[in-house]
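The terms are given with their cut-offs as they come up.

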Amino acid sequence: MKQDCIRTTVDIPAPLYRRLKAQAAATGRSMRELVLAGVQSVLLQARRPPPERVQFPLIVSPAPKSISLRTNV
């Protein structure tokens, strides 16, 4: 069974269109496939919750002690 599709028109700047066409040819995919993959990627990214900030504990250590490197020969 064929998926329901909606035909639409999108104005793409010429330089971006040329890059899309070249990418499609280089990967053996259609421009339609690349555009749909991009739309799906953006929609999936929007559904992901933002990453939580992690609070790491602050560990305070004493100041390093001076070490003498002199040796008696």
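This is a predicted model: local features need pLDDT of at least 70, side-chain atom pairs count only at pLDDT 80 or more; totals for chains, interfaces and linings use all residues.

Residues are numbered from 1 along each chain as its sequence is written, and side-chain values use heavy atoms, with hydrogens and water left out.

Helices here are DSSP runs (H or I, at least four residues), numbered from the N terminus. Helix α1 covers residues 14-27, 14 residues in total. From first to last C-alpha α1 reaches 20 Å, close to the 20 Å expected at 1.5 Å a residue, where the expected span is 1.5 Å times one less than the number of residues. Just after α1, G28 has a positive phi of about 70°.

α1 packs against α2 at an angle of about 110°, with the axes 9 Å apart; axes are lines fitted to C-alpha atoms over the stretch in contact, and angles run from 0 to 180 degrees between N-to-C directions. The two helices, α1 and α2, are therefore roughly perpendicular to each other. In the contact (heavy atoms within 4.5 Å), α1 contributes Y17, L20, K21, Q23 and A24, and α2 contributes M31, L34 and V35.

By class, the contact of α1 with α2 has six nonpolar, one polar and one charged residues. Here Ala, Val, Leu, Ile, Met, Phe, Trp, Tyr, Cys and Pro count as nonpolar, Asp, Glu, Lys and Arg as charged, and the others, Gly among them, as polar.

Key: Angles under 35 degrees count as roughly parallel, over 145 as roughly antiparallel, 65 to 115 as roughly perpendicular and the rest as oblique.
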